[in-house]
Amino acid sequence: MAHLQHFGWFFGRGFGPQGWGRPDYRWNYQWQKPDIYQQSVRELEQAGFDLLIIEDALSLGSPETLDLRVNSAYGGPKHDPLMLAPYLFDVTSHLGVAPTVNAGAYPPYLAARQFATLQHLSSNRFGVNVVTDVKSARHFGLPELGHDAAYDRAEEWLGGIRRLWHSWGDGAHVHNVATGQFADAARLDAFSHTGEYFRFDGPLNALPFDDGDPVVVSPGGSGRGLGFAGANSDVQLALAPLTVPSVTAYRAKIHAAARAHGRTPADINVLFVLTPEIVASQEEVDRVVDAGRHPTEEVLRQVLAAQSSDLETDLTVLDLERPIGPGVFGQHVSQGTINNLVGADGDLETDTLRQIAARKARKGRIADKTGFVGTAVQFADFIEELGESADNDGFIINGDLHPVTVHRMLDQLVPELRHRGILRDSFGGGGLRANLTDF
């Protein structure tokens, strides 16, 4: 039987040139201004989506990939998503917004204060997507850490932020107008933290929260990333093959990680990322899929250029007829991103780059689980099946935050999902955390 699932939107390009490289750009929105994003988030809230996650990259990349990232505006420029968030809160009432934040870039005290401010300004609708990108460290005068060490730093960072958020003890905010006492200093935690990566003092110069901390989102498919999510996250941004066995296995890993840290599976929403291509008819599905079976050399190069940006590794200069090999990627590159390039059945050591690129260019039908091209009815069937058979929590749809993209993906899908009882048609109160736990 169908049941309600949570839905979010992953603002995949980040606060950058929305629609660039497609006819959508000629709608003449100015991506630097808030209007395009405000119009889009109104539509997402109307559609019943719980949250928006805003991708970000602090750096334009390494010198080797700089041209790849800016030439087609795939990896940059990007403006600061924290600065965009208030504009989005201003035009919505229920939608949560979770900008991406690099745990090494914001000192814990500054981060705790900014995040607390946004939580209050938004009536408890703020979230933070915590990432551990280390290649941008040089811009901040920070050492470049290895993969696991970056997670260690993120653990210390987030733990410090939470202690600062709770440095106002019970009863510290007196707010007694009759006596004139606003707060009780004796109930403030003036602690000092000296850790491996950070030094700072409390208490925080911001009010505590009445309805819970900001929501923590995290990606990451490595063992360390899954462990971080189990210990800390309210939402796990999951990348995995979207089959019932794979989704079931992935959820089991997250739930085991949660239990290992004294939490329960109900404490985490595991939301799987997908990029649907929804078309009007089965005939159109067949046409799109058939066109992807024989990609041209130019299409292969475009695929590799886009993948190079995410991987911070220039794949376009490698021999198409040779395997990539595991040693080409730096340890800072997430395993989830590498797995996404290679595919569930691929092998870095034996598959040629041409084979890998051709698989990425190929499109398949959602109806037979070979891809993500389908009609709204077929996508609803797919979502319903994972909800029933894998007890899935929901999905994050990936795309530009552009009105054309939002409507292209959702115009037919939203009514179909609501008809089946899968997508909410109203919100309760209490902000993002309450929305994520109200069913």
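Predicted model: local features only at pLDDT ≥ 70, side-chain atom pairs only at ≥ 80, totals over all residues.
1. Helices (H or I, at least four residues) and strands (E, at least two) are DSSP runs, numbered from the N terminus. Residues are numbered from 1 along each chain as its sequence is written, and side-chain values use heavy atoms, with hydrogens and water left out.

2. Together with Leu58 and Phe140, Leu142 makes a nonpolar surface patch of about 220 Å². Patches are made of residues with over 30% relative accessible area and no salt bridge, where like charges are joined within 9 Å and nonpolar side chains (Val, Leu, Ile, Met, Phe, Trp, Tyr) within 5 Å. The areas themselves come from the Shrake-Rupley method with a 1.4 Å probe, and for residues only the protein chains shown count as cover.

3. Now have a look at strand β9 (residues 215-218). Val215 and Val217 on one side and Val216 and Ser218 on the other are all buried, so both faces of the strand are covered. Strands β4 and β9 pair in the parallel sense over 3 bridges; two strands pair if DSSP finds at least two bridges between them. Val217 in β9 is the bridge partner of Asn129, and Val217 also has a bridge partner in β10, namely Val235. Strand β10 (residues 235-238) runs parallel to β9, and 2 bridges join them.

4. Salt bridges deserve a point of their own. How many salt bridges does a search of the whole structure find? The search finds 25, a salt bridge being a side-chain nitrogen of Lys or Arg within 4 Å of a carboxyl oxygen of Asp or Glu. One of them joins Asp24 and Arg22, with the closest N and O atoms 3.2 Å apart. Asp24 is buried because its relative accessible area is 5%, whereas Arg22 is partly exposed at 31%. Another salt bridge brings together the side chains of Asp184 and Arg187 (3.3 Å, N to O). Asp184 is partly exposed at 22% relative accessibility, and Arg187 is partly exposed at 45%.

5. My next pair is Arg251 and Asp391, whose side chains meet in a salt bridge (3.8 Å, N to O). This pair links distant parts of the chain, 140 residues apart: Arg251 is in helix α7 (residues 244-260) and Asp391 in the loop between α12 (376-389) and β14 (394-399). Why does Arg251 count as buried? Arg251 is buried because its relative accessible area is 6%; Asp391, at 47%, is partly exposed. Elsewhere, salt bridges that share partners join Arg13, Arg22, Asp24, Asp400 and Arg408 into one network.

6. Please also find Glu416 in helix α14 (residues 413-419). Glu416 is buried because its relative accessible area is 19%. Its side chain makes a polar contact with the side chain of Arg420 (2.9 Å). A polar contact is a pair of N or O atoms within 3.5 Å; within protein, one must be able to donate a hydrogen and the other to accept it, and residues adjacent in sequence count only if both atoms are side-chain atoms. Not counting residues up to four places away in sequence, Glu416 touches Ala376, Val377 and Ala380, where contact means heavy atoms within 4.5 Å.

7. The buried residues of α11 are Leu353, Ile356, Ala357, Ala358 and Ala361, and their cover includes α9 (297-311) and α10 (335-342). Asp351 lies in the loop between α10 and α11, and at 13% relative accessibility Asp351 is buried. The side chains of Asp351 and Arg359 are joined by a polar contact of 2.8 Å. A polar atom of the Asp351 side chain also lies 2.8 Å from the backbone nitrogen of Asp347. Leaving aside neighbours within four places in sequence, the residues in contact with Asp351 include Arg322, Pro323 and Ile324.

Notes
Buried < 20%, exposed > 50% of the residue type's maximum accessible area, 1.4 Å probe, protein only.
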